[in-house]
Amino acid sequence: MSAATWTSFIKSIASYNGDLSSLTAPPFILSSSSLTEFSQYWSEHVDLLLEPNFITEEDANKKKEPIELLRMLAVVKWFISTLKSQYCSRNETLGSEKKPLNPFLGEIFVGKWIDSSNDQKLGETILLSEQVSHHPPITAYAVENKKNNTILEGYNGIRASMSTTALNVKQFGHALLEFRNLNENYLITLPPLHIEGILAFNPYVELEQKSFIQSSAGYYAIIEYSGKGYFSGKKNSFKCRIFSNFENSKKKENALYTISGQWSEKSTIAKGHSTPSSSKDEIFFDASIEKPQQLTVKPIDEQHPLESQKAWLEVANAIKVGDYDLIHNAKSKLENNQRELRKKEEENNSKWNRRWFDEVDYKIDENLNNENDIFINLSKMANLSIKNVPSGVEADSSKNKEVELMSHWRFVPENFDNEKEIKI
Ligand code: CLR
């Protein structure tokens, strides 16, 4: 890398205006995969995702706990297990966090996790990820397991701002996890984060503040994040408290269980509100032992032109050889095609057809504003906003008053059942 490209990168960071596509990064900080691929991180521990389906009354009797609480603990464990994939995997495979490709509207990424269990109780799990908006960038996804009638769906977008040394990122969106055989659902919010180490050539993610999990059975979890030197001096630390419901969470003494440790390493769990001891208490999750299961993706030459790896192939190859002009030319080609498409749509007064997801406006769609909507119900239970505010903003927070929009992206399973072009 030349000093000039580094200087221009620092300058572009200094003049950063909130639009990530305007960050002109030198080739070595570019990743050759696009954000639509990131949806796979939700399910690389597919056994843990499906685990609540296999908890029995007998297990509950043995533990002397309600079965719904055991399922909540299983959901929390699965959620904690996703964090290493979500936030550390580029550092492990690419050496540092990198700038992902900015997906184009309609870009998709699909694949499946094959059942690797001995008793074949998991069945096949598929991933559908789709770029449903380009400005601002929003990716929607669904992880579907037909055998166990389980669906995880959600969407995410970010707003970023630069401080003197770090890039601060607020996440928008949420995930909904539905166990249809159990008639039990969960709402999961997405934590804020910042990118550290940019000036030291070594960008990495640090999670901050809190995220929440609300179960339809009432159980409510608060997960609090810290980086180096806050609770424990260790990176990727978290503390999670599980309560019987939101009301009871106002006093930490009411916690039924407390979990603490590092989400990228080991965490321990204990009953009650005191912090478990890392040496004496029961291990909750150990990310260094439980390896993620890779998604199976079709070879590129069998992919549809809208599939991420196929669409970005030329750009990805240029990034691999680190040639700035090649990258620039390949990107421009793709971007010009997109501009053409948008122009034609405008001329024809048409709009790009979202494949598997619908934008649902909770304000207009009165029939959705009813007792049966999972998102509304769980948000109410957890005192969370249903507006388009950063994920996890509470209903009574002043931040909830700034915004009127109430639209969210939802999976439409029939659209995939009728899908003719895209093979998994
Ligand atoms: C996307 C949604 C995933 C979780 C996730 C993980 C890492 C985040 C990414 C999201 C959004 C884009 C992101 C990335 C880390 C770095 C990258 C914030 C939230 C930015 C755009 C890169 C900036 C460039 C630096 C490397 C200099 O479920």
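## Close-up legends

**View A. Lysine 64 counts as exposed, because its relative accessibility is 72%.** Throughout these legends, buried means under 20% relative accessible area, exposed means over 50%, and partly exposed covers the range in between (1.4 Å probe, protein chains only). What you are looking at is a predicted model, in which local features need pLDDT of at least 70 and side-chain atom pairs count only at pLDDT 80 or more, while totals for chains, interfaces and linings use all residues. Residues are numbered from 1 along each chain as its sequence is written, and side-chain values use heavy atoms, with hydrogens and water left out. Lysine 64 is found in the loop between helix 3 (57-63) and helix 4 (67-94); helices (H or I, at least four residues) and strands (E, at least two) are DSSP runs numbered from the N terminus. Although lysine 64 is not a glycine, its phi is positive, at about 55 degrees.

**View B. Asparagine 236 also has a positive phi without being a glycine, here about 50 degrees.** Is this residue buried or exposed? Asparagine 236 counts as buried because its relative accessible area is 7%. Its place is the loop between strand 12 and strand 13. Look next at serine 237, which belongs to strand 13 and is buried at 3% relative accessibility. The serine 237 side chain reaches the backbone oxygen of lysine 234 at 2.8 Å. Serine 288 is 51 residues from serine 237 along the chain, and their C-alpha atoms are separated by 15 Å.

**View C. Tryptophan 42 and tyrosine 141 make a stacked aromatic pair.** A search of the whole structure finds 14 aromatic pairs. In this one, the centres are 5.8 Å apart and the planes make an angle of 20 degrees. To pair, rings of Phe, Tyr and Trp (its six-membered ring) must have centres within 6.5 Å; planes under 30 degrees apart count as stacked, over 60 as edge-to-face and the rest as tilted. The pair bridges distant parts of the chain, 99 residues apart: tryptophan 42 sits in the loop between strand 1 (30-34) and helix 2 (46-50), and tyrosine 141 in strand 5 (residues 138-145). Tryptophan 42 counts as buried because its relative accessibility is 5%, and tyrosine 141 is buried at 0%. Which residues do ring pairs link into a cluster here? They are Trp42, Trp78, Phe79 and Tyr141.

**View D. Tyrosine 220 and phenylalanine 246 form an edge-to-face aromatic pair.** Their ring centres are 5.3 Å apart, with 85 degrees between the planes. This pair, too, links distant parts of the chain, 26 residues apart: tyrosine 220 in strand 12 (residues 220-226) and phenylalanine 246 in the loop between strand 13 (237-243) and strand 14 (257-262). Both tyrosine 220 and phenylalanine 246 are buried.

**View E. The charged end of lysine 77 sits over the ring of phenylalanine 284.** The distance to the ring centre is 5.6 Å. A charge is said to sit over a ring if NZ of Lys or CZ of Arg is within 6 Å of the ring centre and within 35 degrees of the ring normal. Arginine 410 also has its charged end over a ring, that of phenylalanine 375, 5.0 Å from its centre.

**View F. The ligand is surrounded by 19 residues.** The closest are Leu20, Gln86, Arg90, Asn156 and Gln171; a residue is near a molecule or strand if one of its heavy atoms lies within 4 Å of it. A polar side-chain atom of glutamine 86 is 2.6 Å from an oxygen atom of the ligand. How much of the ligand's accessible area does the protein cover? The protein covers 97% of the 610 Å² that the ligand has on its own, with areas from the Shrake-Rupley method and a 1.4 Å probe; for residues, only the protein chains shown count as cover.

**View G. Threonine 125 and asparagine 145 are joined by a side-chain polar contact of 3.0 Å.** Such a contact is a pair of N or O atoms within 3.5 Å; within protein, one must be able to donate a hydrogen and the other to accept it, and residues adjacent in sequence count only if both atoms are side-chain atoms. Threonine 125 belongs to strand 4 (residues 125-133) and is buried at 2% relative accessibility. In the loop between strand 4 and strand 5 you will find proline 136. A cis peptide bond, with omega of about 0 degrees, joins proline 136 to histidine 135.
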